[in-house]
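Please keep the sequence and the structure in view while reading.

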Amino acid sequence: MTDWGPTDLGDGRWRFALWAPDREHVTLEMDCAQPLPMAKAGEGWFCVETEAREGSRYRFRIAPDLAVPDPASRRQCGGVHGWSVITPIAPPPDRWVGRPWEEVVIYELHVGLYGGFAGVAEQLPALAEIGVTAIELMPINAFSGSRNWGYDGVLPFAPAEAYGSPRELRELIDLAHRLEMMILLDVVYNHFGPDGNYLGSYAKPFFHAKQHTPWGGAVAVDRPQVAAYFRENALMWLNDYGFDGLRFDAVHAIGNDDFLDSLARYLRERTNGRQIYLMLENERNDAARLGPKGYDAQWNDDFHNVMHVLLTGEHDAYYEDFAHEPTQKLARCLSEGFVYQGDPSPHQNGKLRGSKSAHLPPSAFIAFLQNHDQTGNRALGERLINLTSLKRLRAATCLLLLLPHIPLLFMGEEVGARSPFLFFTDFHDELADAVREGRRHEFKGFAAFSSSDARDRIPDPNAFDTFKMARILPGEDANDWRSFYATLLTLRRQAIIPGIAGARALGAAALSSGAVEARWMLGSGRLLTILINLGEMAVALPQNSEPAFATGVPGAPASCAVWISQPQ
């Protein structure tokens with residue numbers, strides 16, 4: 001089967017290919033040569049070979065009035081409606097071998113809010129200094145306009161022009177590796193954005209029109225050409241750029257487990273023996289996808305949601321699923337991973353959600369108190385620091401960073417940022433109006449935004465000021481927060497990480513409303529005990545010895561205490 005994108009044949013010759021099963025004729029247009037008709041190559045493919053050079057611009061003419069970029073373009077010139085650019089990417093050096101999964105402390109960030117790839121690079125030394133070992137970039141694929149979360153991407157192979165060149169991206173990754181940090185990337189294979197996606201103009205079979213998702217027809221990953229598109233994209237990020245792992249966005253919306261399983265196998269077989277890490281966002285809590293031959297871990301929204309309820313008391317929307325007996329739910333989460341393991345979801349009208357997960361190791365779950373979704377999908381983008389007390393937030397952070405689960409931080413947490421993280425785009429005209437009004441309509445069911453006047457206060461995603469407000473502003477207590485995170489991550493590195501491999505939960509119990517005691521036998525043979533109290537009453541301590549770390553008075557309200565000891 002033909003590969004997507006331009007292929008270097010050597011000696012200055014290139015092969016160009018487009019899967020256009022809806023078209024009878026396709027022409028290759030280049031800025032340095034005459035248009036060339038492309039020949040049918042079977043199964044909907046059109047191909048042509050010609051002389052070209054690095055930097056040559058090209059596009060495909062599919063109708064007299066329509067020329068489109070290469071859907072597998074490695075670089076764009078003039079945005080997602082402009083020309084594609086031939087951009088060879090030399091394989092990265094082989095000297096970097098990665099880090100064990102147990103050492104991972106993830107820091108999720110948005111490249112655009114740092115000013116691009118070069119701006120992110122400037123921040124890496126400070127993050128490495130406090131103990132961050134992996135940077136996760138929100139999607140960097142090309143999107144319409146100059147600012148976007150990245151989940152409206154339409155050209156998955158091309159880094160967004162607003163962030164910098166492919167070379168600058170490689171320089172960022174190389175710098176991270178010199179600092180012994182891994183770089184992970186969020187990729188979106190469940191939909192395309194609303195502006196700049198031309199696939200429907202020449203390849204309608206790329207989608208299942210009758211299989212609906214929140215973004216339109218489902219991506220037809222059961223078709224060989226479509227599955228190959230995403231396989232090649234994932235492999236490009238890993239092999240050509242040197243990313244250490246990928247996080248696959250909302251795979252429940254893909255709805256095809258065979259594709260997911262085959263994708264994991266394909267990538268592990270073709271990354272030249274490198275250690276790579278594959279992570280899922282999966283509302284289904286599908287434990288069967290997790291394991292050594294599949295995916296390393298899942299973002300555990302259940303941990304975030306139950307902690308959010310305990311910290312804020314909110315119970316609107318999906319928090320409804322965690323409003324009843326949240327303390328017991330946290331205990332289950334700490335002991336077994338998922339909260340919902342085939343249980344009925346009140347928010348989804350009793351629909352069963354999840355599967356049994358107690359057999360999985362703690363490292364199969366990525367825990368977080370905040371991320372782009374949970375913060376940015378709030379109407380006003382408030383960070384957790386603005387929604388709970390500092391003592392309770394410190395206790396929750398202690399739990400997060402000393403759990404044997406894999407912790408994820410959201411940009412700005414480590415400096416006490418109070419600036420909002422808002423949903424932002426750069427659409428125009430009717431699409432901008434639709435996105436703005438659609439965004440405000442989403443919150444109609446929330447008590448705080450039940451009136452039209454209240455919803456009008458929700459920032460316009462397309463306004464530049466909305467993007468500006470999302471930039472990280474360190475709090476006045478930034479140094480205190482940095483020191484707090486550095487202390488916790490030092491203890492994690494010294495006492496927790498050596499025992500994550502082989503760790504197993506020994507159980508967790510609700511002691512009173514908001515208070516949970518959890519225990520793990522670490523692979524190092526040491527016993528880890530954590531007591532977190534987010535309630536209003538003090539509770540008895542599990543042991544009389546001095547904790548290895550504590551926020552507040554151990555056992556008191558708004559406290560977290562941690563013991564690391566030899567088992568009796």
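Six cavities of 30 Å³ or more are counted in this predicted model. Rolling a probe the size of a water molecule over the atoms shows where empty space is left.

| Cavity | Volume | Nonpolar lining residues | Polar lining residues | Charged lining residues |
|---|---|---|---|---|
| Largest | about 90 Å³ | five | four | two |

Which residues line the largest cavity? They are Gln370, Arg383, Ile385, Leu393, Thr397, Gly412, Glu413, Gly416, Ala417, Trp481 and Tyr485. Two helices, H9 (390-402) and H13 (478-496), each supply at least two residues of this lining.

The second largest cavity has a lining made of Pro69, Pro71, Val154, Leu155, Gly196, Asn197, Tyr198, Leu199 and Tyr202.

The next topic is the nonpolar cores. In soluble globular proteins, nonpolar side chains tend to be buried together. The largest nonpolar core here has 158 residues. Within this core, the residues that touch the most other members are Phe16, Leu137, Phe206, Phe243, Phe248, Leu267 and Phe303. Helix H4, which covers residues 224-241, gives the most to the core, with 11 residues. Another core lies apart from it and has 15 residues, including Trp101, Val104, Met182 and Trp299.

Which residues does Leu137 touch, not counting residues up to four places away in sequence? Leu109 and Val111 are among them, as are Leu169 and Leu172. Leu137 also touches Ile183, Leu184, Leu185, Asp186 and Phe243.

Arg436 is found in helix H10, which runs over residues 429-442. Is Arg436 buried or exposed? Its relative accessible area is 18%, and the limit for buried is under 20%, so Arg436 counts as buried. The side chain of Arg436 makes a polar contact of 2.7 Å with the side chain of Asp433. Leaving aside neighbours within four places in sequence, Arg436 is in contact with Asp460, Pro461 and Asn462.

Terms used
Residues numbered from 1 in each chain as written. Predicted model: local features only at pLDDT ≥ 70, side-chain atom pairs only at ≥ 80, totals over all residues. Heavy atoms only, no water. Core = buried A, V, L, I, M, F, W, Y, C linked by side-chain atoms within 4.5 Å. Buried < 20%, exposed > 50% of the residue type's maximum accessible area, 1.4 Å probe, protein only. Helix = DSSP H or I, 4+ residues; strand = E, 2+ residues; numbered from the N terminus. Contact = heavy atoms within 4.5 Å. 1 Å grid on protein atoms, 1.4 Å probe; cavity = no way out; pocket = protein on both sides within 12 Å on 5 of 7 lines; lining within 4 Å. Points joined across faces, edges and corners; volume = space filled by probe spheres on them. Nonpolar A, V, L, I, M, F, W, Y, C, P; charged D, E, K, R; others polar. Polar contact = N/O pair within 3.5 Å; in protein donor to acceptor, adjacent residues only side chain to side chain.
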